[in-house]
Amino acid sequence: MTTQILIGLLWEGLLQTLAMTLISTLVAYVIGLPVGVSLILTDKEGIHPISWYNKAMGFVVNVIRSVPFLILMIALMPYVRLVIGTGIGTPATIAVLIIAAWPFVARLVEQSLKEVDPGVIEAAQSLGASTWTIITKVMLLEARPSLLNGAAVSTITILGYSAMAGIVGGGGLGDLAIKYGLYRYETTIMWITVVVLVILVQILQEIGVKLARKLDNRL
């Protein structure tokens, strides 16, 4: 394989991996952030305790989180194929990544919001703040550093999931490593993809840490 072809394959795999990771993370947060907030609000010590909802939603989150991603992807392939017309490739992987990631995001958001000082919330309630104001101006604002760290963890986790999807033709760097490194015994390509993935993880982690420090009100 020529250097030009190798660079082309790596570039295509990188773009697919970034697309899968960023799109999946964004949509997972669109779903998982409200769910995480709702779990805090409806907890027995929350602002609006709703026991049945909290238990039911918590059960759904725990069930999906307990299924390993690779097994979940294989199990969902027939249903994803019905919805988007294909069970493999980048679009199918994004669909499964979203399903796998939003419960993980919801739990991270829940844990971040639990770190907010209850006294701050009680003070806002005593001043007559609405539930929406408490959520947006108190809870989410106070939990920003933890939420940003959680976002970095989520993105890195989804990046790892996207690499696993390569085993079933999910596209991206993982697919490239498996197709050439495992099936064709071209270990050089496999190790190059590993290095690229490691660099991506370090970049994402560093961005998350710097944003969290910059927006930390406690500093």
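**Helices, contacts and pairs in a predicted model**

Mentor: I94 lies in helix α4; helices here are DSSP runs of H or I with at least four residues, strands are runs of E with at least two, and both are numbered from the N terminus. The model is predicted, so local features need pLDDT of at least 70 and side-chain atom pairs count only at pLDDT 80 or more, whereas totals for chains, interfaces and linings use all residues. Residues are numbered from 1 along each chain as its sequence is written, and side-chain values use heavy atoms, with hydrogens and water left out.

Trainee: Why is I94 counted as buried?

Mentor: Buried means under 20% relative accessible area, exposed means over 50%, and partly exposed lies in between, with a 1.4 Å probe and protein chains only. The relative accessibility of I94 is 15%, and therefore I94 counts as buried.

Trainee: Which residues is I94 in contact with, leaving aside its neighbours within four places in sequence?

Mentor: Contact means heavy atoms within 4.5 Å. By that rule I94 touches A19, M20, I23 and S24.

Trainee: What are the N to O distances of the salt bridges E110 to K114 and K179 to D175?

Mentor: E110 and K114 meet at 3.8 Å, and K179 and D175 at 3.6 Å. The structure holds three salt bridges. E110 and K114 are four residues apart in helix α4, about one turn, and K114 is partly exposed at 48% relative accessibility. K179 and D175 also stand four residues apart, in helix α8 (residues 172-182). K179 is partly exposed at 36%, whereas D175 is buried at 14%. Through shared partners, salt bridges join R107, E110 and K114 into one network.

Trainee: How many aromatic pairs are there by the ring rule?

Mentor: Rings of Phe, Tyr and Trp (its six-membered ring) pair if their centres lie within 6.5 Å; planes under 30 degrees apart count as stacked, over 60 as edge-to-face and the rest as tilted. The count comes to two. W52 and Y53 have ring centres 6.1 Å apart and planes at 90 degrees, so this pair is edge-to-face. W52 is exposed at 66% relative accessibility, and Y53 is partly exposed at 23%. The pair F69 and Y161 is stacked, with 4.8 Å between centres and 5 degrees between planes. This pair links distant parts of the chain, 92 residues apart, with F69 in helix α3 and Y161 in helix α7. F69 is buried at 5% relative accessibility.

Trainee: How do you know that the reach of helix α7 is close to the expected one?

Mentor: The expected span is 1.5 Å times one less than the number of residues. Helix α7 (residues 144-164) has 21 residues, for which 30 Å is expected, and its first and last C-alpha atoms are 30 Å apart. Its buried residues, Y161 among them, pack against α1 (3-41), α3 (69-84), α4 (89-114), α6 (131-142) and α9 (187-214).

Trainee: Which helix gives the most to the lining of the largest pocket?

Mentor: A pocket is defined on a 1 Å grid over the protein atoms alone, as an open set of points where a 1.4 Å probe fits, with protein on both sides within 12 Å along at least five of seven lines; lining residues have an atom within 4 Å of a point. The largest pocket is lined by 14 residues, of which I40, E45, G46, P118 and I121 lie nearest its centre. α5 gives the most, with four residues, while α1, α4 and α5 (118-126) each supply at least two.

Definitions and conventions
Salt bridge = Lys/Arg side-chain N within 4 Å of Asp/Glu carboxyl O.
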